[in-house]
Amino acid sequence: MPRDLTPSTIENTFVLKALTERIRLDSRSFNQLRDLDISFSSTDFGVVDVKLGRTRVIARISAEISQPYADRPYDGLFIISTEISPMAAPTFEAGRKSEDELVISRIIEKSIRRSGALDTEALCIISGEKCWAVRADVHFLDHDGGLMDAACIAVSAGLLHFRRPDITIVGVGSRREVIVHPITERVPVPLAVLHVPICVTFSFFDVRKASAAIAGLPGKDNMKEADDDDVEEENDSSTTVLVDATLQEELLRHGYMSVTANTNREICQIQKGGDMPVEVGKLLSCAEAAIMVAEKVTKLINKRLKEDEARRNVGNLLVEARAENDRYIV
Amino acid sequence: MTVLDITRPSPASAITSFLYRVDGSASWKVGTAHIIASVSGPIEVNKRDELPDVATLEIVVRPDVGVTSTREQFLQDRIRRVVAPVIALELHPRTLIQIVVQIVQSGDNKILNTISLSASINATYMALLDAGVPLRSTVSATSIIYYTTATSDGSKTNVVVDPTRAQLEQIEKDITSVHTIAYELKGGKIERLLLSESVGSFTEDQVFECYDTAANICEETNRIMREAITKGVQQKSRWREA
């Protein structure tokens, strides 16, 4: 497979010309997300399948008992793995980390782990000796842009969906034992999720650069382009911002910003990349837009979680069997 | 020799052509196992991996949970043994046929690999078909597990095919042998044995019993694959009706 996905010049100029005419190739508006579909496995907990347009990602949450780090005896472990296989696109090599992968894994780390979405103190079993080690494995099945957005949604939804086995500690002092109850014996317990981080990526296009690229083309439209350019300079909107870019848009963008926000109107992380300076006003309105997207997506996650619970919980037996208090998340 | 007292195999289902960046994709679900396979090829190959007379076959297996371990290496090796003779590699020299098997839900417990293996083989085969890679014949695989149960006058040997994880958990401690069998089929009928992977303690009779049982199951699996492929092709050809 050709080692990079650079689009052809024709594609390049076509997409950029469309943008100068305020058109996106899939007819979305500039701040519209693609169709988002979240589904959970009916047999296992913590298996989430997220489809963001054509981008498809599966997250698997699992937990096993392990030893805590020596310098953090009261905390459990939480690891997120975001390895991309050639299934997502043949340009990814198995076993070799591409630049994209590094960026994605860093942003997911900041968004979910560093922001404390999962309470690791609640994972402690016996301080300094035993704790839960929670793993989130993200599998990228199809790459059509927005891999980190989809991955963030998948892991957040997975953490909410997952149930770990209930445990009992018997004995005292050094002769303490941990009994892990199989899920057939005792109702499994949800994880302590403190907030639901949702990542949104904004792609920036420098309209003047785009117009310049098109200006080289023959045709009478050229004159129109020059006029439009002047108008836009006057209105100082030389930056076009697209929300949730497809792969094609991602490859052609001049810069990007990923904002992870939650429904508490908090920003968990911001990452701005590419080499295009953007004025502050635009960035702030992007952050505001990210919060709105986070609210919409969190609502959808909760809706799907409720539907999944209803499917599993025919007759409300599980609800009756739970001994813990309700958790209020949103 | 017929097999008696066989527990009904779990229903299997398949979907194809759902991934956009690869040439072929298939999802195989059997019991609690769910495997997704993708195939890209023939595509450009690295100079160092290039072979002058045949296509290079790259198989990557990704686990559902955790880091890649020797288990994935084992699965990759067995899948290669089944699939490499079936693909007409000599038709595309100096190219790469890249297969990625993503285990979404393994269906196995911590010790066994059999269900992942048989489901991966089926998923890989359907993905190869979907990608249009030239193949010599049809392949299907199944898992057969022998276990004992206590009865009033000693113990009885039972057989289960493609068990769900719940069934596995029930019989875990009583499993005596585990067999993964893959057949080559032509015209929906068994032709040759492609894989016979048996672990545990078993008799020669049991092995032959396995081959016969697996023959029936594989023919059934083949029918399920045909239905899924037919549906896929009808879906892809619906522009013709317009």
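This report walks through the confidence, the interface and a few local features of a predicted two-chain model.

Residues are numbered from 1 along each chain as its sequence is written, and chains are lettered from A in the order in which they are written. Because the model is predicted, local features need pLDDT of at least 70 and side-chain atom pairs count only at pLDDT 80 or more, while totals for chains, interfaces and linings use all residues; side-chain values use heavy atoms, with hydrogens and water left out.

**Confidence**

For the complex, the predictor reports an ipTM of 0.92 and a pTM of 0.90. The table gives the per-chain scores in pLDDT, the predictor's confidence in each residue, from 0 to 100.

| Chain | Mean pLDDT | Residues at 70 or more |
|---|---|---|
| Chain A | 88 | 87% |
| Chain B | 91 | 96% |

Each chain has a stretch to treat with care. In chain B, residues 1-5 have a pLDDT below 50, and beyond near neighbours in sequence this stretch has seven contacts in the model (a contact means heavy atoms within 4.5 Å). In chain A, pLDDT stays under 50 over residues 220-236, where the model has 14 contacts beyond four places in sequence.

**The interface**

Now to where the chains meet. Chain A brings 30 residues to the contact and chain B brings 28 residues. Together they bury about 2600 Å², with 53% of it on carbon and sulfur atoms; buried area is the accessible area (1.4 Å probe) that two parts lose on being put together, summed over both.

Three salt bridges link chain A and chain B, each being a side-chain nitrogen of Lys or Arg within 4 Å of a carboxyl oxygen of Asp or Glu. One of them pairs Arg62(B) with Glu83(A), at 3.6 Å from N to O. On the side of chain A that touches chain B, strand 3 (55-66) and strand 6 (130-142) each supply at least two residues. Strand 6 of chain A gives the largest share, five residues. Strands (E, at least two residues) and helices (H or I, at least four) are DSSP runs, numbered from the N terminus.

**Local features**

Which two residues form an aromatic pair that is edge-to-face? They are Phe208(B) and Tyr211(B), 6.0 Å centre to centre with 75° between the planes. Rings of Phe, Tyr and Trp (its six-membered ring) pair if their centres lie within 6.5 Å; planes under 30 degrees apart count as stacked, over 60 as edge-to-face and the rest as tilted. Phe208(B) and Tyr211(B) are separated by about one helical turn because they are three residues apart in helix 4 (residues 204-236) of chain B.

Most residues other than glycine have a negative phi, and most peptide bonds are trans. Gly41(B) and Pro42(B) are joined by a cis peptide bond with omega of about -5°, and Pro42(B) lies in strand 4 (residues 33-43) of chain B. Asp244(A), not a glycine, has a positive phi of about 55°.
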